[in-house]
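Thanks for coming, everyone. Please bring up the sequence and the structure, and keep both in view while I talk.

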Amino acid sequence: MRTVRRVSSLWRGSLRFRTTLIAVITTVVAVMIACVWMAAQIQSDLFESRSAQVQSDAARAVQMAQEELSEAEDATERTEADGLIKRAFGVLVEQSRTSSVVYQRVDQTPSTIAPPDGGAADLRPELGLISEGLSERVSTSDQQWWQSVELRAEDGSANPGIIVGQQLNVPGVGAYAIYFGYDLVDSNETLGFVQRTLWIAGALLVAIVGLITWLVLRSIADPIIEVAETSRRIADGDLQVRIPVEGEDELAALGASFNQMADSIEEQIRELAELSLVQQRFVSDVSHELRTPLTTIRLAAEMINDQRENLDGAMARAAELLYAQVARFEELLGDLLEISRYDAGSVQLEHEAIALAAITEDVADSMHQLAEQHGTDLNVVAPGGHTPVDMDPRRVRRVLRNLIGNAIEHGDGRPITITVDSDETAVAVGVRDQGIGMTEEDSQRVFDRFWRADPSRKRSIGGSGLGLSIALGDAVLHGGRLEVWSRPGSGTNFVLTLPRGAGERLSSTGPVPLEPDDATEEVLP
């Protein structure tokens, strides 16, 4: 089983192995078909050649024996007939090139001078080698007939053979059926040698094809593997790595083109990094430079707003708007400074052991007045999360304020459920509203900077458009995650999940499920 898994892994992960295996398998199939076909053709040719040869030898032997008998006078006595048979039998054995020769009288009518059947013991009738069909054809026709048989050697082993039969006329006695037995041992040995040679040559051919395929693929695959490895290193941030280029072939051209592309990417990344650094410095410097005059403006706006009761209606309203917009501008400036810290990688956590449930209840209490202004009820459900966990409470509070504020803003006055729970590895809080919800496309962009699902919608709470982006950064900084589930007409559910300990990995499912149990498909009016 382990071997099968290893081969399966090599098949999926190695082009060289897969192509070589395919080439070897197709070569094996082709070699097997060719060897079987060639062996069959050679066997057929050897049999036909040997068959023609033994028939020719047998026919020549019968002809010469008949010529020998034709010169003799008809036998009138038994001794004369025996002499004729012996002379003919000697010629048959000598000319046929086989010692397996027997003769059988065709006419079974009793005769006083006709010699009895005789010849080699290995073809005697009781062995059953001469079939009735062959015997009948030879006895009724003066033509030559033959059949394939299995001959027994002296050691008892079976060998393929051929029996050839033909009539011989003995003067004064009558016709005798002459049978010649020829074994095909030599032909069989030749066929075996040829077959062994074919299979050995086929195996060598398969090995050579496999080796050649492996070497060719190695010369092609190694540069491709090097390109893949170089691409991976560039993707990991090593922008200085390049492919060594040797020669002037297609692979060398590929390497040169890849290096040119890498040079271009490195230059563009460097320019983008410099531009990003300039932008970060610009935002940071501008934000810092604006804080001093903004502080002065805020103090002046507070003084004017405090004296608005002494101003006429238009001036009082202007004082209120000035104070509100300065506060919003100060909030935006603070968010820009926070974003610039994230971009610069200079954000650090200030850990403190505190329970997530306690922080959530504090934030919910601080936002009850805002919820009442929107006709919304805040319900905190905390079956878990009461055990202190190391976290930065300031940042976690900021995340919760942002999530609860968004839920109040988009909840359309319906109840908001805040769920806090924990398990062995993590603590989590979910903020669920029953408002207008978002489409899947909007949910994927909700954490983008300055992005809003409905720009035309009037905001009653305000906000810089950076809150969710900063909240996501705070969650990631803790080693946690901030996820959103939303459906048009069914509301939205934000879930913040934090690990219990620094460096611990979160499981795919946290203590608070992302998709709420009360999710529906109905679209609210």
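This is a predicted model: local features need pLDDT of at least 70, side-chain atom pairs count only at pLDDT 80 or more; totals for chains, interfaces and linings use all residues.

Let's start with strand S12. S12 covers residues 491-499. Is S12 mostly covered or mostly open? Mostly covered: nine of its nine residues are buried.

Now look at which way the residues point. Gly491, Asn493, Val495, Thr497 and Pro499 point one way from S12. Thr492, Phe494, Leu496 and Leu498 point the other way. Both sets are buried.

Next, the partners. Which way does strand S10 run relative to S12? The two run antiparallel. S10 spans residues 426-433, and eight bridges join S10 to S12. Find Asp433, please. Asp433 stands opposite Thr492 in S12.

Strand S11 pairs with S12 as well. S11 takes in residues 481-487. This pairing is also antiparallel, and it has seven bridges. Here, look for Val484, which stands opposite Phe494 in S12.

S11 and S12 form a hairpin. How many residues lie between the strands? Three. Check Gly489 in this hairpin: its phi is positive, near 85 degrees.

Now to the leucine. Leu370 is in helix H9, residues 368-373. Why do we call Leu370 partly exposed? Because its relative accessible area is 22%, and buried means under 20% while exposed means over 50%.

One last distance. Leu370 and Gly405 are 35 residues apart in sequence. In space, their C-alpha atoms are 8.5 Å apart.

That's my part. Over to you.

Technical notes
Residues are numbered from 1 along each chain as its sequence is written. Side-chain values use heavy atoms; hydrogens and water are left out. Buried means under 20% relative accessible area, exposed over 50%, partly exposed in between (1.4 Å probe, protein chains only). Helices (H or I, at least four residues) and strands (E, at least two) are DSSP runs, numbered from the N terminus. Two strands pair if DSSP finds at least two bridges between them.
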